[in-house]
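This report concerns charged side chains and their pairings.

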Amino acid sequence: CAAAESALSLILRTRPAQPQRVRVEAMKSLRTPSLPSGLRTSSMSRSSLPPSPGASSEESSAQRCSARRSDNCRSSIQETIQEKDAGEGQPAIKPPSSSFVSKARQNVGEAYTTQKNKAQYRTDAVKDGVEEKKFDAIEKVIDAVAQKEIRKSLTADPWMPKVVVSKFDELWATLYPQIMKEVKEVYMSTVGSEGKAHKKLIKSELDLENWPPPPPPYRVLRWICSKVLYSINPADKTIFYTLQSHHIIFVFLALFPYGVSTVYWFIFMLCMDKTDEYQLVSYIAVTRTIWFLTYGVGPLLTGFFSFSICSIQSSCESSAPGVSDLDLIASMALLFNVVSCYYIHLKYRRQVRTRYAQYLKDKADLEKGRVGKVEKFRSSPYFRALLWYDLALAITFIVATVAALVYAVPQAGADSGSFAAIFVEGGRRIADLFTLQLAWRGRIVIRLATVSVALLYAPFIVLTLPGIDYLLLKLRTTGYDQAGRLHLQLSLKDMKAKWIKETTERKSLKKKAAQRVGNVKSRIADKVSRRSTMV
């Protein structure tokens, strides 16, 4: 028994942790402790055999004492094992804590979401692949028709020079694949998984609770901003609604020359949502188009007649085109618009960088399974080229105007050979420009520069055409509601559905109001009849 106790205590001290199976085996072995053979045989023979009849009482008492010692040995070993288990930090099983349960639930939820997003991504990829194959089949038919019919008809003239035919072939080989690529992107963004997500957003936009009424007139700034934004870019109406409502006043202010439109578009720039990329692009394109019409085409048509009249009357110093103070103010307003609009340029470039960084982050989350789909990053190289073109026009306009005022316009009494005198005279003319004291020749130069630059803004008209904007800009169109908040642009079908809902709700509200008025009138009539009866 002493040898078993020492061996067990040695094992428990040297081994840090006993597996449950080893403990169970040890407990089983305690029932028949492995002692030396001689000792076990003698002890077992003494304890198991009954005392002989002739044996003395001393021998029987010794046998009983040996049996008690073996029982005490087993119990002491069991207590040692229990104490060691308790000392090793293995208490009885307790229920898990609330933090452990919540963390486990969170881990299970994240794992489920990851698998669900991966499955959604695989499903969308398969569906997009099917739609791409459909478009490829249609594209083969379009290529056959375009190559055989359109291209051959354009080069079918037998007298066309070979140089023109070869250049046309080069242009066709360059532009046609690019056009089909753009058409395919538009098709996939409409029919694919991105188009379905966009349709869900449009469906949520049809809820009338998301379209609040205009702010009250006593909130002056908010009311002005809402009217300015909604009159030019409504999300749920077309231009014909604007022309038939009171918003036509604000449209007229946006097109009125002589600096009035400058104030309007400056207020529009302050009130617009500068976090939306499409709004920034639309502002740049629309303002350039309006400048092309109001500062380019309009003065070009009227300037011919006014110059003809002044040349006949020999009064060009007072009635030539661009000589009046209003024309000079209009030219200065265009200069202010060009300079202030580059704030929108900077905001647009920042939004593109922010969107690209978000796209990279979403793409990494998609690979890890945190999201199910990611919208492709699309950026228009044509618009980037137009921005550089716009910057070159602005610099050319400013430099050419200053150079014309300093050098090109002759001035009586100025020494043409002295650079210092020319520089001083040019500085005086620039100061006269802002004080409206510039001579008539200088005003004509300013007018000529303004008309020339405005006519060069013609490429921006393409971005304002319906249907072409998404093909070139790669952006979802947005607009404003009557409260001045940003929304996705609704299609004509959705606009009609929303208008029907609004008309139905307006009729129901009028009917309820009429019922309330009728109830009030009936109550008043009842009270009057009761009083007359009492009288």
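The paragraphs below treat the salt bridges and the surroundings of one lysine.

The model is predicted, so local features need pLDDT of at least 70 and side-chain atom pairs count only at pLDDT 80 or more, whereas totals for chains, interfaces and linings use all residues. Residues are numbered from 1 along each chain as its sequence is written, and side-chain values use heavy atoms, with hydrogens and water left out.

The structure holds eight salt bridges (a side-chain nitrogen of Lys or Arg within 4 Å of a carboxyl oxygen of Asp or Glu).

| Pair | N to O distance |
|---|---|
| Glu131 and Lys134 | 3.9 Å |
| Asp236 and Lys498 | 2.8 Å |
| Arg288 and Asp390 | 2.4 Å |

Arg288 lies in helix α12 (residues 277–313) and Asp390 in helix α16 (residues 381–408), 102 residues apart; helices are DSSP runs of H or I, at least four residues, numbered from the N terminus. Both Arg288 and Asp390 are buried, meaning under 20% relative accessible area with a 1.4 Å probe and protein chains only. Glu131 and Lys134, by contrast, are three residues apart in helix α5 (residues 98–154).

The salt bridge of Asp236 with Lys498 joins the loop between α8 and α9 to helix α20 (residues 492–534), so parts 262 residues apart in sequence are tied together. Asp236 is buried at 5% relative accessibility, and Lys498 is buried at 2%. Both belong to a network of salt bridges that also links Lys237 and Glu502.

Lys237 occupies the loop between α8 (220–232) and α9 (239–244) and is buried at 11% relative accessibility. Beyond its neighbours within four places in sequence, Lys237 has contacts that include Tyr230, Trp499 and Glu502 (heavy atoms within 4.5 Å).

Methods: Helices (H or I, at least four residues) and strands (E, at least two) are DSSP runs, numbered from the N terminus. Buried means under 20% relative accessible area, exposed over 50%, partly exposed in between (1.4 Å probe, protein chains only).
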